[in-house]
Amino acid sequence: MELASMKQVVFGYSEYPCLDNVNLNITTGEFVAVIGPNGAAKTTLLKLMLGLVKPWSGQVERRRLGVQGEKLVIGYVPQQMASFNSGFPSKVVEWVRSGRWSRKRWYERFNEQDHHMVEQALRQVGLWNQRDARIGELSGGQKQRMGVARALVQEPDLFILDEPTTGMDTESRQAFYELMHREVKDSGRSIVMVTHGLEEVLPRIDRVIELKRKEGGDWKCCTTSSCSGHFWPVA
């Protein structure tokens with residue numbers, strides 16, 4: 001099942017495009033890495049996929065319903081989580097709990113299942129013992145894991161993650177990659193993740209989207225089968 005797609009998308013922030021003729025699709029149950037050098041518009045690619053910015057031309061489409069027949073849920077972890085406002089007054093568990101509202105109607109209250117999902121997510125990212133800490137007390141890597149926990153409690157059909165392992169040590173990164181791998185294989189979720197650590201995650205991913213500079217300065221993403229994307233399947 002196709003969850004999101006881009007067709008001949010062109011976008012830029014000035015008079016010249018930074019992404020040109022982007023064609024890609026994200027399907028159910030795949031782990032996709034997005035790579036490219038600094039400045040390669042990787043974050044912009046994610047923002048287009050999320051609908052946070054609109055393309056100059058071309059089409060960006062997201063499926064209206066998810067795998068279970070309910071409204072498609074996207075869990076987004078932005079790149080800036082590590083620099084989250086240190087003065088924010090919320091506790092870790094309160095902030096993670098707020099992600100659960102995407103699965104509830106406005107008049108519903110938290111129930112036992114909701115509390116279970118919050119605890120499970122915090123345990124999965126190794127932050128259960130820090131659940132009552134203030135967000136400002138966390139390290140950069142812990143804030144990244146907190147953002148992942150908040151996305152997990154949404155039970156998303158699609159995770160979109162922008163360098164989610166920033167600030168994590170090697171052990172935490174490996175645990176995170178394994179967690180995401182299980183989410184794909186056991187729950188059928190789809191993951192699109194920007195990373196600079198391709199070698200670490202390579203054994204667990206299904207596809208790579210690589211942004212490469214075109215002659216003329218803008219960025220394209222090419223596939224092995226056509227020059228309108230840069231996908232290469234992982235053996």
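**Close-up views of a predicted model**

**View 1. Contact between helices H4 and H5.** Arg145, Val148 and Leu152 of H4 meet Ser172, Phe176, Leu179, Met180 and Glu183 of H5, where contact means heavy atoms within 4.5 Å. By class, this contact of H4 with H5 has 5 nonpolar, 1 polar and 2 charged residues; Ala, Val, Leu, Ile, Met, Phe, Trp, Tyr, Cys and Pro count as nonpolar, Asp, Glu, Lys and Arg as charged, and the others, Gly among them, as polar. Two packed helices are described by the angle between their axes and the distance between the axes. The axes of H4 (residues 140–153) and H5 (residues 170–187) come within 12 Å and cross at roughly 10°, which means that H4 is roughly parallel to H5 (angles under 35 degrees count as roughly parallel). Axes are lines fitted to C-alpha atoms, for helices over the stretch in contact, and angles run from 0 to 180 degrees between N-to-C directions. Helices (H or I, at least four residues) and strands (E, at least two) are DSSP runs, numbered from the N terminus.

The model is predicted: local features need pLDDT of at least 70, side-chain atom pairs count only at pLDDT 80 or more, and totals for chains, interfaces and linings use all residues. Residues are numbered from 1 along each chain as its sequence is written, and side-chain values use heavy atoms, with hydrogens and water left out.

View 2. Helix H1 (residues 42–50) is mostly covered, with 7 of its 9 residues buried (buried means under 20% relative accessible area, exposed over 50%, partly exposed in between; 1.4 Å probe, protein chains only). The buried residues of H1 are Lys42, Thr44, Leu45, Leu46, Leu48, Met49 and Leu50.

View 3. Most residues other than glycine have a negative phi. Gln8, in strand S1 (residues 2–11), is not a glycine but has a positive phi of about 50°. Gln8 is exposed, at a relative accessible area of 55%. Asn21, in strand S2 (residues 19–27), is likewise not a glycine and has a positive phi of about 55°. Asn21 counts as partly exposed, at 32% relative accessibility.

**View 4. Strand S5 beside strand S6.** S5 and strand S6 (residues 158–162) run parallel and are joined by 4 bridges; two strands pair if DSSP finds at least two bridges between them. Tyr76 stands opposite Ile160 in S6.

Notes. Angles under 35 degrees count as roughly parallel, over 145 as roughly antiparallel, 65 to 115 as roughly perpendicular and the rest as oblique.
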